[in-house]
Amino acid sequence: MANQSNLIADNIEEYLKQHENKGLLRLLTCGSVDDGKSTLIGRLLYDSKMIFEDQLAAIEQDSKKVGTQGGEVDLALLVDGLQSEREQGITIDVAYRYFSTDRRKFIIADTPGHEQTWSVSQRSVLKRLKRSI
Amino acid sequence: MLNKKQMTHLKQLEAESIHIMREVIAEFDNPAMLYSVGKDSSVMLHLAQKAFYPAPPPFPLVHVDTTWKFREMIEFRDKRAKEVGMELIVHINPQGEEMNISPFEHGSALHTDIMKTEGLKQMLDIYKFDAVFGGARRDEEKSRAKERIYSFRDKHHRWDPKAQRPELWNIYNGRHHKDESIRVFPLSNWTELDIWQYIYLEDIPIPELYFAKEREVVEYGGAKIMVDDNRVSDELRKNSRMEMVRFRTLGCYPLTGAVESAATTLPEIIQEMLLTTTSERQGRVIDQDSSGSMEKKKMEGYF
Ligand SMILES: Nc1nc2c(ncn2[C@@H]2O[C@H](COP(=O)(O)OP(=O)(O)O)[C@@H](O)[C@H]2O)c(=O)[nH]1
Ligand SMILES: [Mg+2]
């Protein structure tokens, strides 16, 4: 898993002490449909070694069936977790993913980019929000 | 780094969970907490104690017993309920019990469906809970990553992933009609590491099964399962061995794979977790059926 710190193997108590005092940062993706938001987040998780072997094996398998990469691994599948999202290759609803560095824990919300995917109730909330700003 | 005014990530997660629990108690008539005896339930129970201290949490603990849980889990469950002074409601699907449903004989899918999902729905119908806390986390599984903290269920207890309500910042919408309910996940934003770190820092009691010990195990269904009682057939038991093992998650013993381990302390468990290359759900037969299996189970009413 993540946190490729040597301290984990060498001195776990010290590592735990360092990781008691982390900050927390929440961020979300914004952009039009197909801008590459989900792929970017998937790549971020992949590069920060947040993906377990069994999870990677599962998306490699799924990439052959439903991916947008012609059989190559589609990292957007790491966040597009619903069956219909995987089949359609788009994000329909928010996904929350997590990773952390030595200084911060991150909560990422990967959001859908097109208004049509929003339900009627979500759109009405959005409208009210826009009016109130 | 953090300045003095900022709260650490664990303090922020704790505050968020406590806020969620208090919101639910303020808004719902008949809440309950699903207590599954594992590490996440242990943390959730601890947070509930903090949220309502010095009173005991104002709702019962409920447990859907499949009759195949590790015996140690049942002992631990009964002991903890007494210690925290909460009512414990246990439900076993009576039809399933009558049919003698067994994961060995009937397979994991049917067993889970009848003893867990059906049992849970029966219990909800009997007690008419309108809000049920569960210890699921979004980092556990890909369909869980899509779930709200207040997860709305229709009168058949079904989740509709395509009609989820907006949940903006910390504003939770608890409105519901009669017979509709919500599942509440106060640990949504916690990761496996957060859970272990918090257990370590707060010294939260968890079952011994998480710690490595010599246990009698045998290969079954691609995993190493523990011989927990004499319902393991003699045929199977012929090949059993004593090994140093522990469990990363707890469930029905025939469906829960043990991992070889020498970790006997919390720091050692955390160390092992951080160095492992597979997810905690890998040891569970239920999730490996197919890619969308958790989503499907949730749509049928599973937690
Ligand atoms: N060429 C190229 N294609 C990309 C890149 N990032 C994403 N894509 C492709 O753009 C499409 C949409 O990506 P996705 O992540 O689903 O976009 P989203 O709707 O913003 O989440 C997919 O076919 C991706 O494979 C990139 O950096 N370069
Ligand atoms: Mg997307």
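## Strand pairing at β7 of chain B

Strands β7 (residues 213-220) and β9 (residues 241-246) of chain B are joined by 5 bridges and run antiparallel. This is a predicted model: local features need pLDDT of at least 70, side-chain atom pairs count only at pLDDT 80 or more, and totals for chains, interfaces and linings use all residues. Residues are numbered from 1 along each chain as its sequence is written, chains are lettered from A and ligands numbered from 1 in the order in which they are written, and side-chain values use heavy atoms, with hydrogens and water left out.

Helices (H or I, at least four residues) and strands (E, at least two) are DSSP runs, numbered from the N terminus. Two strands pair if DSSP finds at least two bridges between them. B:Lys213 stands opposite B:Val245 in β9(B). Strands of a sheet pair through backbone hydrogen bonds, either parallel or antiparallel.

## B:Val217

B:Val217 sits in strand β7 of chain B. Is B:Val217 buried or exposed? B:Val217 counts as buried because its relative accessibility is 0%. Buried means under 20% relative accessible area, exposed over 50%, and partly exposed in between (1.4 Å probe, protein chains only).

B:Val217 and B:Arg241 are 24 residues apart in sequence and 5.6 Å apart in space, C-alpha to C-alpha. Contact means heavy atoms within 4.5 Å. Not counting residues up to four places away in sequence, B:Val217 touches residues including B:Lys224, B:Ile225, B:Met226, B:Glu243 and B:Ala258.

## Strand β6 of chain B

Strand β6 (residues 181-184) of chain B is covered on both faces. B:Ser181 and B:Arg183 are buried on one side, B:Ile182 and B:Val184 on the other. In a regular strand the side chains alternate between the two faces of the sheet.

B:Tyr150 has B:Val184 as its bridge partner in β6(B).

## B:Thr67

B:Thr67 lies in the loop between β2 (61-64) and α3 (71-84) of chain B. Its relative accessibility is 25%, so B:Thr67 counts as partly exposed. Leaving aside neighbours within four places in sequence, B:Thr67 is in contact with B:Ile92, B:Glu97, B:Met115 and B:Arg231. B:Gln122 is 55 residues from B:Thr67 along the chain, and their C-alpha atoms are separated by 16 Å.

## Chain A overall

Chain A has 6 helices and 3 strands. From the N terminus on, its elements run α-α-β-α-α-α-β-β-α. Of its 133 residues, 44% count as buried. Among contacts between residues at least 6 apart in sequence, 51% join residues at least 24 apart. Chain A exposes about 7,200 Å², with carbon and sulfur atoms supplying 50% of it. Accessible areas come from the Shrake-Rupley method with a 1.4 Å probe; for residues, only the protein chains shown count as cover.

Strand β2 (residues 95-100) of chain A has 6 of its 6 residues buried. A:Ala95, A:Arg97 and A:Phe99 lie on one side, A:Tyr96, A:Tyr98 and A:Ser100 on the other. β2(A) runs antiparallel to strand β3 (residues 104-110) of chain A, and 6 bridges join them. A:Ala95 has A:Asp110 as its bridge partner in β3(A). The two strands, β2(A) and β3(A), form a hairpin with 3 residues between them.

A:His19 belongs to helix α2 (residues 12-20) of chain A. A:His19 counts as buried because its relative accessibility is 0%. Its side chain joins that of A:Asp102 through a polar contact of 3.4 Å. A polar contact is a pair of N or O atoms within 3.5 Å; within protein, one must be able to donate a hydrogen and the other to accept it, and residues adjacent in sequence count only if both atoms are side-chain atoms.

## Ligand 1

The residues around ligand 1 include A:Ser32, A:Asp34, A:Asp35, A:Lys37, A:Thr68 and A:Thr91. Such a residue has a heavy atom within 4 Å of the molecule. A backbone N or O atom of A:Asp34 lies 2.8 Å from an oxygen atom of ligand 1. A polar side-chain atom of A:Thr68 lies 3.3 Å from an oxygen atom of ligand 1. Taken alone, ligand 1 exposes 580 Å², and the protein buries 60% of that.
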